[in-house]
Amino acid sequence: MNGPSLLQAGSALLVRDLRLLWRRRGDAFQPALFALLVVVLFALALGGEAQALGKVASAVMWVAVLLAGLLSLDTLFRGDADDGSLEQWILAPVPLAWLVAVRVLSHWLTTALPLILAAPLLGELLHLPRDQLPVLLVSLALGTPLLSLLGAVVAALTVGMRRSGILVALLALPLYVPVLIFGAGSVARSAQGLDAVGALLFLGAGLVLALVLAPLAAAAAIRIALH
Amino acid sequence: MSPSPHSPLPLLAARGLTFTRNDEPVFGPLDFVVAAGEALLVQGDNGAGKTTLLRVLAGLLRADSGEIDIDGRTAQASLRSRAIAYLGHLPAMKADLNALENLNFLCGLHGRRARQLPGDALGMVGLAGHEDSLARQLSAGQKKRLSLARLWLSPAPLWLLDEPYANLDLEGINLVNRMISAHLRDGGAALVTTHGAYAAPPVQTRMLALERPA
């Protein structure tokens, strides 16, 4: 009775998630579209004043990406809990935390990565000063996986409840605030001519910590929720 | 009852197993063994705790007291996940994936018996030609058959089957019995819950009757 390796189980889950996403591509692009809407509406509301827009551009980008992630958080484990897939995850001969980590990776790949790739374009839309773009990209690259990991813990905690939309947002918000502060803060510091490395290092440290702990915490929460 | 010829130790042994929910006993204390090549029929009325017992054995719920041994060793999570295949009420199929994709994913998650292919398993459970049908288009009975195909591919020796006959037609009931017989001949074992005696596999069986605690 040879069980599957971590890699086999992980890739099977990733392939499944990407395939499901493709089957429901209309829903899948919702978070990215939402972020795009926030950015475009902001640009319109401020009336295209390059100076005013450029000042808030990085903050708007960060908030848009954060909200887009929050929007799709509830679906992270909900579907799999409803159709019994989560039971089979728990019973699988690979650690549940590993499957959770792979699920978070697919969440990040589909909600955050497209926005990071589109960030240079969105930045142009908001008159983001060009010299701030590298710092913004680095802060998003470090910060968005951290958001997905923290969000997974919250989504796992609420997976046992029928309707938890607002609860997820309320629980996730305090966890998201430090990420936002360091993420948007790093760009703001570099805009003032200060060194942004400190804030980025904090994000990196948080990411490393969350990579290790968040899947374990989420797995424990899922086990409790399904009892 | 004589010990199984396949192995000196029973595949599954439970001693003093109890489970309570909200301070109300659901079942127990239960003592039973299932040897390789045997099936244990768990019978009882609705609400007698059949499903709960299977979920406890699978490791989805934690027993309040008692011990579970698999192959003579205390059932740790890692041992359980390799030794047990669980067929529950929920099909664990994604509605937007087709039959073969669902099966491939679950095989990737649980492993697959050597020399068994998902396509062949679909044929065996009578779903040949439905490889490309989305799970949402399958009937309840066909979904059950798809779950049976997953079970057939699983490398685990101990099957926990919760109401495997539900939703199935007569031919499907025969299919379940054939699968259980073949699995037991290969040295496996099965726990089967059923609320009636309308179907039972033609194999060496033990009975466990659950009653609602007074």
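Helix α1(A) passes α3(B) in a left-handed crossing. This is a predicted model, and the crossing joins residues 6–23 of chain A to residues 99–110 of chain B, with the two axes coming within 7 Å. Below is a quick tour of that contact, a helix pair inside chain B and the nonpolar core.

**Between the chains: α1(A) and α3(B)**
- The axes of α1(A) and α3(B) cross at roughly 155 degrees. Angles over 145 degrees count as roughly antiparallel, so that's what α1(A) is to α3(B).
- On the chain A side, the contact uses A:Gln8, A:Ala9, A:Ala12, A:Arg16 and A:Arg19.
- Facing them from α3(B) are B:Glu101, B:Phe105, B:Gly108 and B:Leu109.

**Within chain B: α5(B) and α6(B)**
- Helix α5 (residues 140–153) and helix α6 (residues 170–185) have axes that come within 11 Å and cross at roughly 10 degrees, which makes α5(B) roughly parallel to α6(B).
- From α5(B), the contact takes in B:Gly141, B:Arg145, B:Leu148 and B:Trp152; α6(B) brings B:Gly172, B:Leu175, B:Val176 and B:Met179.
- Sorted by class, that's five nonpolar, two polar and one charged.

**The nonpolar core**
- The largest nonpolar core runs to 132 residues, and A:Met61 and B:Leu160 have the most contacts inside it.
- Leaving aside residues up to four places away in sequence, B:Leu160 touches B:Leu54, B:Leu57, B:Ala58, B:Ile84, B:Tyr86, B:Leu87 and B:Leu191.

Note on methods
Residues are numbered from 1 along each chain as its sequence is written. Chains are lettered from A and ligands numbered from 1 in the order in which they are written. This is a predicted model: local features need pLDDT of at least 70, side-chain atom pairs count only at pLDDT 80 or more; totals for chains, interfaces and linings use all residues. Axes are lines fitted to C-alpha atoms, for helices over the stretch in contact, and angles run from 0 to 180 degrees between N-to-C directions. Helices (H or I, at least four residues) and strands (E, at least two) are DSSP runs, numbered from the N terminus. Angles under 35 degrees count as roughly parallel, over 145 as roughly antiparallel, 65 to 115 as roughly perpendicular and the rest as oblique. A crossing is left-handed if the near helix is turned anticlockwise from the far one by less than a right angle, and right-handed if clockwise. Two residues are in contact if their C-beta atoms, placed from the backbone, lie within 7 Å. A nonpolar core is a set of buried Ala, Val, Leu, Ile, Met, Phe, Trp, Tyr and Cys residues joined through C-beta atoms within 7 Å. A residue is buried if 20 or more other C-beta atoms lie within 10 Å of its own, exposed if 12 or fewer, and partly exposed in between; C-beta atoms are placed from the backbone. Ala, Val, Leu, Ile, Met, Phe, Trp, Tyr, Cys and Pro count as nonpolar, Asp, Glu, Lys and Arg as charged, and the others, Gly among them, as polar.
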